[in-house]
Amino acid sequence: MRQLQAKISLILLIALFLSSCNAVKRVEDGQRLLTENSIYVDGEEVSINTIYNQLYQEPNKSFLGLPIQLYLYNLANPNPDTTYLNWLQKKPKRAERLADILSEKQVVRLGNIYVNINEWIKNVGEPPAIVSEGLTERSAERLKAWYWNNGWFNAETGYEIIPTKEKRAKVKYFVTPNEPYIVDSITPRIASIVADSIYEAHKQNSLIIPGMQYETQDYGAERERLTKLYRNNGLYHFEQESISFEADTINTDHKVNTALIIQNREATVEGVQTRIPYKVHKISTVNIFPDYRYENRNEPITDTASNEGYNLYSFDELQFKPGALTNAIFITPGTIYSDANRTLTYNRLNQLRTFRYPNIQYMEDPSDTTGNALIANIFLTPRQKYSLGFEFDISQSNIQKIGIGFGGSLLIRNVFRGAEILEIAGRGSIGSSKDAANDADRFFDITEVGVDVDLTLPRILFPIPTERFIPKYMYPFTTLGIGASTQTNIGLDKQSLTAVMNYRWMPNDNLTHLMDLVNVQYVRNLNVDNYFNVYRNSYLELNEIATSEDISASEQFYTTNEQGERFLSIPAGADGFLRAARLGEVDGLTGNQDEILNDLRERKNRLTEDNLIYATNFSYILNNKENIYDEDFSRLRVKLEAAGNILSVASKLAGLDKDESGRYSIFGVNFSQYVKTEIDYIKHWDLGGENVFAIRTFGGIAVPYGNSNSIPFIRSFFAGGPNDNRAWQPYSLGPGSSGGRNEFNEANLKIALSAEYRFNFFGDLNGAIFADAGNIWNVFDVVEEEASTFTSLSDLEELALGTGVGFRYDFDFFVLRFDVGFKTYNPALEPGNRWFSGYNLSKAVFNVGINYPF
């Protein structure tokens, strides 16, 4: 019975949707639905988005050729309130029976729900695009204006509305551009001598170039350039409205002779409105008020100071070292006025995170009789000295049934009176493991605790001055950080200590440099005996060899279960068998088995050894994204890291002895030595109409040498996951064609390539079609397994390919992402079965993420 009801409901739902799929359902008689626009230029159809964007009318949005939003709009009842009342009153006693069952208020509420559902569907949908003669004519005129603004002054436009099938039509636009006009000459007519001399000194940078086709936007850009030029060269009163252009095209044979006109500024002199020449203004005085509040604006100044020509005035005791404030100010006494210096000052003050709403005001200096001097007053309102923050979350993973995380942070501003910021953050979590690995008597048997302390200084902290190489306009910062954490019943139970000395500066708006002069990390594994419980696949592979019929080894390695099955005990049996095999005390091993045991032994040693990493790294980040809404940008990140060199030199100079493996140890730990580089490039193309094409390319390699023969796990690469190859789970892809047989697969070479086409379904719901390619390999380290190593360019055939679709809902402040990935090319399979063997829903990988992957 339930199956029958479900089938009936499904049939009704499909019927209802199909009824809405009549695109002209809401098109009135005498109207026509716009199905297509086409533009013909000199008889040839064009497909340039910029030209089509001039049209006032567009067909309804479609996905795969179907106007989904129009169908949704048609699905909604246009008069839901009337429909509900008619239904309610159709039978004489229906309203009374419903009121008896639900109450009168609930009957009214039921009607409101029906109305609201239909209104929501209409809002999500899109009304039919009805062909309008008036809008079509305006579109033709706008096309003519667009061609005029791009140099075709004699362009002609027309249109034709062509009816197609019932209640539908398409519109054709016709453009005849005729011969374009070319810029021939530029003649300046500048009233002010000062403004004229500045123009002549920089006219080689003009954006209006003789010989180029006329474009109105070039003239607008030139106005903006000149305005910035003048306002950055002392002309405090200069305004863009003072600039105008006259274009002469009469009897010029399609040439444009341009006159650049800059008038004197408007001013009131002794009550009379007149024009006076521009003058170059200089900054005579800079006054800084570091504790300004509106309510104390009329209070007396109680504390003053001066530094390098700056005056500091405080209403209470001055809380800042004068140099800390003046170092953030780019408006310098004795220099000419500049808008750029004011912008630099605003940016730097906001970066300090110490003041809210900095306010810079200029006034003419009353003591200057020439009227050329300006006083700059900088009003700063301090933020609260102390800020507290708290975090709380609940999670689930393949390690724990439930996890509860919590954290808190304390931020202290101006901690040493130099605009420094001290941040102290603590974090902790408790959880219940799925296998209760170490303590079955407690429900919450997983714990993690950590603390981090960071001190940020608004300058480069270095033994020698760096102003020559990193001037203050690059917004330099230094961060000193230390941290510690400990884990219990998570993996091998780790303790870690970190210490970082980081520099950050920005040579320009698009370029950022990051440098860790010191990056020290010490990781200690507390529960090495738990290795084969954590890395279960390694144990199963080892146990399969140890219990095979041809193998003969000491019985002390084995134990027996209730079914009489022999298996290696953990940890003594598994570790003992590996050790005995290395010493040749296991009989019956084949060459392949011996190779597998060597790989298992090397992996165990690498993942269980303590790590001491003393590294220095540098990152170059070039990003031309203008704001969070910019979808036409590129981002390049290049990172180079070297570790262990200083410790290696110190060990040699100190005459330290190497251990039996030929490695130096510091405090009983073999320090890591390697060089690592990463290159990450992202590019977005805005295709218009909320369509974006994005790509990402990543390449990274870490090469061990000297005191290391492998890369620490925490510095290795992995593949798979919601922000990588979405057809594989995190850590499950690679290395190479090995098939990801370990729980956490990592390597020291990585290539990743991704492409994604993003589009809008309707409203805030967006979609995507993506392809992710990549893999990881071992190279130049101790791993010898052929399937896992990169030996030649032919190994690029092991690049895995995942494709899929995604859905994204935009909440404005973040994007909730859901992606479905399919293994399109799986290098772990036999060559003949690699393509599309995982292309079904049962083998798909579902990813949930926040914001876009790149």
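Predicted model: local features only at pLDDT ≥ 70, side-chain atom pairs only at ≥ 80, totals over all residues.
Are arginine 726 and aspartate 819 buried or exposed?

Side chains of opposite charge can pair when their charged atoms come close. Searching the whole structure turns up 29 salt bridges, and I'd like to walk you through a few of them.

Let's begin with glutamate 246 and arginine 189. Their closest N and O atoms are 3.3 Å apart.

Now back to arginine 726. One of its partners is aspartate 772, with 2.9 Å between the closest N and O atoms. Here the arginine sits in the loop between strand E29 and strand E30, while aspartate 772 is in strand E31, 46 residues apart. Arginine 726 has a relative accessible area of 0%, and aspartate 772 has 1%, which means that it counts as buried, since the cut-off is under 20%.

Arginine 726 also meets aspartate 819 in a salt bridge, at 3.3 Å from N to O. Aspartate 819 lies in strand E33, so this pair ties together parts that are 93 residues apart in sequence. And here is the reply to my opening question: arginine 726 and aspartate 819 are both buried.

One last thing to look for on the screen: salt bridges with shared partners join Arg726, Glu756, Arg758, Asp772, Arg808, Arg817 and Asp819 into one network.

Notes. Residues numbered from 1 in each chain as written. Heavy atoms only, no water. Salt bridge = Lys/Arg side-chain N within 4 Å of Asp/Glu carboxyl O. Helix = DSSP H or I, 4+ residues; strand = E, 2+ residues; numbered from the N terminus. Buried < 20%, exposed > 50% of the residue type's maximum accessible area, 1.4 Å probe, protein only.
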